[in-house]
Amino acid sequence: MKLNGIAASPGIAIGRAYLISEEPYCVIKRNIGESQIKKEISRFRKAIQTVDIDFKKQKERVSTEMGKTYAKLFNAYGLILKDPLFYKDTIKVITEERVNVEYALQTVIDRITKTFSMLDDEYMRDRIRDVQDVANRVMRVLLGQEKVSLKEIHNRVALVAHALHPSDAVEIKKENVIGFVMDAGGKTSHIVIMAESLEIPAVVGLKRVTREISPGDLIIIDGNEGVVYINPETEILKEYRQRKRKQAKLRKQLIALRDKPAVTKCGEKVELNVNIEDSSEASVVRQYGASGVGLYRTEFFYLNKSDLPGEEEIYKNLKSVADKIFPAKITVRTIDIGAEKISTQLGAKHEGNPFMGLRGVRLCLAYPELFKTQLRGILRASEKKNIHIMYPMITGVKEIRSANLILEEVKGELDKRGIEYDRDIKVGIMVETPAAVMNIENLAKEVDFFSIGTNDLIQYSLAVDRTSGAVSYLYNPGSISILRMIEKIISGARESGCKVSMCGEMAGETIFTELLLGLGLRSFSMSGIAVHPVKKVIRGTSIGECEELADRVMKSGENEEIMKILKERQEKTQGKLY
């Protein structure tokens, strides 16, 4: 049997299934008297304290074994325990409804789950799994139940579960776990981030894998294609064993590329940057031999926090990154979240469709003090002149001018304070809306550079939520509509003398590398793990070959034919990169 899911962590694993089944807990509602309220609240606080101590111990282990970057994932768990929506609301339900703590906690979690599941943002939907993990641990302490421990695994197996969490990854022994598959999860799940670090192949979002696999079944996990085979036929098993051997050989070749330049056979130099979202990830630049940071996501400053970050926090964080990678450049994207995600701090109203609402630069212009605080931190950290600023969610010239006006005000404030900064700091925009594409020539007159955000550009242009099982098949980076938009952006930037890069997932997918080079793109930004495979493609091709491929693709005009052309080209020149 073959199941299709989401390719989460690259690689191929072949082995016997180890099924993790959580014992379900039963929550019974008990009405309590006023004299029992304090006792129930005390039980809740003690359970919170127990779980908090456990998370701190796990964080220390992860920090030692995997590094501080991954240990910071447990900060979110600590914040969830203290979050008013979780902590205070549970106490409120106990007090006002006079019910036992277990029932009160379940009531609150049901509310939070319902709210998060309505959001269009994939990242935020994945965060509800973190909330559920924390809640389950508190609940099991209250009920006196122990969680299934992965420490008991002593043989080399493939984990099969409904859901796994960072707290589970702490117990995984790399030598015993060859890969994992899950019913739930998306690409932004924290467990996926940790799987990539451990170099464990993973496929998530399979929906029914725990119902189809039995303990001991032989399974193939294809983390490159997002496919799982259950008790595969002999020929399929033979093919994947060969792929696995090739993969091991290729990985050694890719690692050897780290210190080699990203230059085509004809001598054309290409810039390969990395996308990061935390200062502790700055080492990724040198680890993968990248040119710099093409996208620094600053959303972590604002998510899962009771207070908005101050200028000093932002400044220190960005300065540490700028210093670590100097003289390499870092492009800092200003806050790119919707108002609903920090509504408690801002007092913002709930929006029916936040994906189309007050987010990105719109949020910054609506709350200028929020924007100014971030800009002050960015400018103060730009003293070495290796920081660029990038505005997200731009649709027109007015937004750029309004944002730049606030930027100039902030510069004036810093001048009065006698603070040094890069007075000629480069300013660019994310091109991720159809409106920006259609007005690209005019936008180019206002900025120093563009960065094509393919993830949102594809979703907005094709009217597709890629996290929706019903329509995700329509999410296609190889759509002729999307390719024509990319071609228009690149040509518009070139004619205007504006630098252009790409920082969406498409930039790190090797099937599109030669096509993008053929369309004129010379700067890419991607996850660190994608740098070596993309560099291998670049070093094995010439611009002439890429332009011929692009010409053939753009003349085709049919989506199915385009992907066929690209796959044939990939098989011929690249083979299987994993």
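Is I91 buried or exposed, and why?

A: I91 counts as buried because its relative accessibility is 14%; buried means under 20% relative accessible area, exposed over 50% and partly exposed in between, using a 1.4 Å probe and protein chains only. Keep in mind that this is a predicted model, where local features need pLDDT of at least 70 and side-chain atom pairs count only at pLDDT 80 or more, while totals for chains, interfaces and linings use all residues. Residues are numbered from 1 along each chain as its sequence is written, and side-chain values use heavy atoms, with hydrogens and water left out.

Let's see where I91 sits. This residue belongs to helix 4, residues 87-97; helices (H or I, at least four residues) and strands (E, at least two) are DSSP runs numbered from the N terminus. Setting aside residues up to four places away in sequence, I91 touches I41, F44 and R45, where a contact means heavy atoms within 4.5 Å. I37 is 54 residues away from I91 along the chain, yet their C-alpha atoms are separated by 9.1 Å.

One of those partners leads us to a nonpolar core, a set of buried Ala, Val, Leu, Ile, Met, Phe, Trp, Tyr and Cys residues joined through side-chain atoms within 4.5 Å. The largest such core has 98 residues, and Y391 and F450 touch the most other members. Helix 20 (residues 480-496) gives the most to this core, 8 residues in total. I41 belongs elsewhere: a second, separate core has 28 residues, including I41, A47, V138 and L142. In soluble globular proteins, nonpolar side chains tend to be buried together.

V181 stands opposite V203, which is in strand 6.

Finally, the whole protein. Among contacts between residues at least 6 apart in sequence, 69% join residues at least 24 apart.

Notes:
Two strands pair if DSSP finds at least two bridges between them.
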